[in-house]
Structure formats: structure tokens, C-alpha cells
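Dear colleague,

I am handing over the structure below, and my notes on it follow. Please read them alongside the coordinates.

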Amino acid sequence: MTAQVPVAVRARDVLASEWTKLRSVRSTYWTLLVAVATPIGLSALVAVTLANAPGNGPPVDPLLPGLLSLEYAVLAIGVLGVLTFSSEFSTGLVRTTFAAVPRRRAVLAAKAAVLGALTLVAGELVAFVSFALVQGVLSGKHLGVSLSRPGVPGAVLATGLLLFVVATMGLGLGAIVRHTAGGIAALVGLIFLPAILALLPAPWGGRVGRFTLLDAARQVTALHPAANLFAPAWSLLVLLAWPALTLLVAALLITRRDA
Amino acid sequence: MIEVDQLVKRFGAVTAVDGLTFTVRPGHVTGFLGPNGAGKTTTMRVILGLDAPTSGTTRVNQKFYKELVRPLHQIGALLDATALHPGRTAQAHLTSVAQSNGISRRRVAEMLQLTGLEAVANRRLKGFSLGMKQRLGIAAALLGDPPVLMFDEPVNGLDTEGIAWLRQFLKALAADGRAVLVSSHLMSEMAQTADRLIVIGRGRLIADTTTAQLVESSTRKDVLVRSPRAAELAELITARGATVNREDDGGLAVTGLDAPAVGDLAAEQGIAVHALIPRTASLEDAYLDLTGESVDFRTASPGPTSERQEGAPAR
């Protein structure tokens with residue numbers, strides 16, 4: 001009855017199914033709200049503090065408030081990523097999913113695509129809104145930078161990547177660990193524990209730190225890249241490698257284990 | 001059609017399914033019976049491609065599950081009705097399942113109507129009773145209008161009305177020419193629904209038969225006779241064309257001659273009879289006999305059970 005169904009149609013079917021799943025549970029909206037509202041509010045606060053700091057000249061990178069505040073969204077968006085797969089394992093729904101779509105990697109890819117698209121849009125929204133807020137406050141003190149300045153648009157765009165990176169990495173960990181709490185613990189461990197290594201004495205801090213997700217993110221989004229880390233282009237690769245490797249491991253395991 | 005061929009599934013040291021072979025044919029409700037832990041659910045999970053077999057194969061409509069494109073059009077299954085995201089509505093759940101196989105929203109609405117869930121379609125599933133979840137699972141299984149259906153213990157959680165509804169429903173699906181496999185650990189339930197039976201215990205096939213055959217072969221009707229001159233009496237009974245089986249305790253199990261006839265025969269020959277007990281066994285007993293050896297977790301008996309059929313000695 002459905003002998004020949006083109007691959008593109010099958011991919012569209014699975015994408016539609018996963019999109020329905022993602023938008024039909026409240027946790028998606030709550031985690032997104034926290035991940036969007038927290039950094040926007042925080043960046044405005046940081047900007048006000050900076051603007052009112054005594055002394056002259058930009059004490060820090062004028063783009064840093066935007067990124068710093070986004071780092072506070074990491075946990076919320078990470079939870080969303082982990083939940084997107086782990087909730088299927090904890091409820092047993094995954095058996096319905098895999099029976100309907102025996103190509104499990106297609107399910108993983110579809111989840112990554114819809115979650116990735118959603119968090120990319122949300123991340124860029126936060127990045128540009130935060131940028132506008134921060135520069136709006138800082139420009140009053142002539143500390144701000146304009147979006148037309150070379151390097152700025154790229155840095156802001158890169159800032160917006162962080163939510164996407166963490167969400168898809170969480171998704172992969174949810175599929176690997178198959179347990180919500182365990183997945184979140186793994187995510188927090190992989191993101192924040194290596195950051196401690198960056199505190200090692202020079203030159204080791206930089207040598208190890210440049211491979212960590214957070215330092216890579218700071219490097220990608222900095223207007224004045226740090227000298228002891230990778231160049232921004234390489235740091236972007238490091239940043240994207242974290243979710244890519246996690247999803248790769250998930251893809252390898254997902255067909256090998258009983259559902 | 002479902003074909004299971006030499007299926008073995010081990011979980012570490014535990015062998016859940018041990019060389020199982022059977023076929024589920026279209027046009028019948030096939031009961032899949034066995035005690036808890038016999039391997040029914042594991043077998044169904046392998047059929048759906050969820051668990052990988054240790055060895056052996058399973059096919060649905062002549063194809064390995066992995067080869068199925070849009071499998072919901074080939075086989076609909078309900079394994080665990082509670083395996084749902086509690087925050088999703090019935091409508092959203094069914095829609096997501098339907099979309100994955102290119103099934104229309106109209107079909108989703110039809111299945112909600114068919115299973116009587118229209119009124120609660122927009123409620124979150126955490127408020128659903130087990131019976132409502134069973135109905136939702138059946139709706140999901142039917143989405144693709146598949147020729148093969150498989151239900152794992154679907155009666156659990158249904159009320160009397162729901163059970164009657166399900167029974168008619170399963171029969172109607174089979175009458176439609178579909179292959180329907182329904183698991184249960186209750187013989188009484190299956191006897192009223194299934195016309196074919198596959199009985200397993202400890203992962204092995206015990207019986208693959210029709211319900212009618214099992215009833216016939218197993219509805220044991222015999223007469224237990226005890227006599228101090230049992231050997232003599234046995235010869236006389238055999239001479240009348242009846243069958244005698246010696247029981248371990250010296251009693252004679254007579255088939256083919258009823259209790260009055262045995263009593264009269266003994267009286268004619270002046271043979272004393274200490275007990276003369278007509279015995280019958282129900283289908284449930286037959287099932288227990290079949291699976292008795294294979295129960296993993298036996299409950300302790302409060303006393304001797306072998307005497308339960310016997311009354312006071314007759315003279």
C-alpha cells in the first residue's frame with residue numbers, strides 16, 4: 001500500500017511528527033521562556049552596572065555582557081535538550097516512536113533539526129535583543145559599539161549559537177544516558193567541569209581551556225580574541241564539535257541498544 | 001501475517017525467549033498465552049524491532065521490520081498503554097504518531113471517534129484512566145489501517161463494558177481478514193475471544209492449536225477408582241473397551257466408562273470399591289496443566305492440592 005515513499009517525504013513526515021511533539025508539551029515553553037528572558041534581563045542589568053561604573057573607557061569587551069548573560073540560559077536550554085529525548089525513554093513513549101519509525105537515526109536527526117531550529121532562532125533573538133539593550137545603555141556613556149563595526153555582526157551571530165549548541169548537545173546526552181536527571185548531570189559536567197581546568201596556571205590553562213565549550217564560545221564572540229586560545233574560526237569548530245560528537249555517539253548507540 | 005522463526009532472546013544470563021517458532025495468520029484472533037514472565041512481551045518487542053533477537057528471525061507481512069516503510073500501515077501494536085507523555089493531549093499524541101507515517105489528521109479524528117475519546121481529545125494524558133489510555137493505544141494502533149494487529153494484555157484496566165467492547169472489536173478486526181495477536185495470562189479471557197492459541201512457558205512453545213481443539217483435548221473427563229483388587233478391576237474395565245491409567249497412588253483413572261458403569265461392573269464381580277469419583281477439568285485447569293511446569297514464580301500452596309478433586313470414599 002505504500003511500497004515506494006521517497007526519502008524526502010519520509011524525512012518530512014518524521015520532522016512534522018517531532019515538531020508536533022516538541023510544541024505539545026509545556027516544558028518546551030517554560031524552558032524557552034527562562035532561556036530567553038533570563039539573558040535579556042541580565043544583560044540589561046550588566047549594561048546598567050557597567051555604564052554607571054566609575055572611571056572611563058570600556059573596562060571589558062562591550063559584547064561580553066550579551067554572552068555572559070546567555071551562559072545563564074545554558075542550564076534551562078540544556079534541560080530542554082535532554083528532555084526532548086530522555087522523556088521518551090522515561091515514559092516508554094520511545095517504543096511507540098521507534099515502532100513507527102524503525103530508522104532510529106532518522107528520529108534522532110529529526111529531533112536535532114526541530115530542536116536546533118527552535119533554539120537557533122531563540123538564541124539569535126536573545127543575542128540581538130541583548131546587544132541592542134546593552135549598547136543602548138552603554139552608548140549613553142560612549143562605551144558602546146555599533147553593529148556596523150567590522151567583526152561585531154559576526155560576534156553577535158556567534159553569541160546566538162550558544163543555545164543551539166547546548167540544546168543539541170543535551171539532546172544527544174538524553175539519547176545516550178536515557179534518563180533526565182542523568183542527562184542533565186552529564187551536560188552540566190561536560191560544560192562546567194572543564195571550565196575549572198581553564199584556571200590551571202599558564203600556559204596550561206589556555207592549552208586545556210581552548211578545548212572547553214565555554215572558552216570556545218567566549219573566543220568566538222569576543223571582539224578582541226584572547227591570545228592564549230584558538231583563533232575564533234578554530235574556536236567555532238571546537239564549539240560545534242561538542243554537540244556534533246555527542247550526537248555522533250548517540251547515533252552509534254541508538255541502533256545498538258534495545259528500546 | 002507474523003512469522004516468528006527459531007527466536008531466541010537472552011538478557012545476560014536470562015533466556016527470555018528460547019527457540020520460539022509460530023505464525024499468526026490473517027482472519028483469526030490468535031491468543032498468545034503464558035504465565036507472567038513467559039516471554040510474551042519480549043517476543044512482541046522483537047517483532048516490532050524494538051529488541052534485537054539473540055538469534056532467529058521475525059517477519060511482518062514477509063518482511064523484516066527494519067525493511068518496513070511506514071510500518072503503521074503494516075502492523076499496529078499496543079504494548080504498554082501507559083507509555084505516554086503525561087503533558088501531551090490525546091489529540092497531539094495521536095497526531096504526532098500519525099504524522100510520522102504520513103497519516104492524515106482526518107484519520108486521527110476518526111480514530112478518536114471510533115474509540116470514544118472525542119470528548120477528551122484536548123485533555124492532557126495525565127488525567128486519563130488506564131482504560132482511556134488503553135483506548136488511546138488502540139486508536140494509535142489502528143491509525144494506519146494495518147492488516148496485522150498486536151495487543152499486549154489489552155484487557156488490563158478495562159471495565160466490564162470495555163472488555164465486552166474490546167472482545168467484539170477484536171473479533172470484528174479478524175472477521176475483516178486481519179491477523180490479530182492478543183496476549184494474556186488469563187485462559188478464561190482468551191477462550192472467549194481467540195479462535196487460535198499459542199501457549200508459551202519459559203520462552204518455549206507449549207501449544208499451537210485452535211481453541212476448540214484445546215478444549216476438546218484437555219477437557220479431561222474421567223473416573224477415579226480405588227479398590228483393593230485394582231489390577232483385577234483394571235482388566236475387567238479394559239475388556240469393556242475403556243481406558244485405564246494407573247495413578248501414582250494406586251488409583252485407576254478410567255476414561256470411556258462412567259462412574260455408575262464402573263460401580264455396577266465391580267459389584268457384578270464382587271470386587272470392593274473404596275472410591276468412585278467422577279472428575280472433570282476446566283479449560284483453565286488444562287492451561288494450568290500445560291504451563292504448570294513452566295511457571296517461574298510459583299506461589300506457595302497452603303496445603304496439598306492434589307486431593308482437591310476427591311470427595312469422601314464411596315462404598
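In chain B, strand β3 (residues 29-33) and strand β8 (residues 196-201) pair in the parallel sense over 4 bridges, where pairing requires that DSSP finds at least two bridges between two strands. Within this pair, B:Gly31 stands opposite B:Leu197 of β8(B). Helices (H or I, at least four residues) and strands (E, at least two) are DSSP runs, numbered from the N terminus.

This is a predicted model, in which local features need pLDDT of at least 70 and side-chain atom pairs count only at pLDDT 80 or more, while totals for chains, interfaces and linings use all residues. Residues are numbered from 1 along each chain as its sequence is written, and chains are lettered from A and ligands numbered from 1 in the order in which they are written.

Both strands belong to an open sheet of 6 strands in chain B, with mixed pairing and the order β5-β6-β7-β3-β8-β9. Its edge strands, each pairing on one side only, are β5 (75-78) and β9 (204-210) of chain B.

Turning to chain A, helix α10 (residues 213-221) is mostly covered, with 8 of its 9 residues buried (20 or more other C-beta atoms within 10 Å of the residue's own, C-beta atoms being placed from the backbone). Among the buried residues of α10(A) are A:Leu213, A:Arg218 and A:Val220.

Finally, B:Asp51 is found in the loop between α1 (40-47) and β4 (55-60) of chain B, and B:Asp51 counts as buried because it has 21 C-beta neighbours inside 10 Å.

Best regards

Notes. A residue is buried if 20 or more other C-beta atoms lie within 10 Å of its own, exposed if 12 or fewer, and partly exposed in between; C-beta atoms are placed from the backbone.
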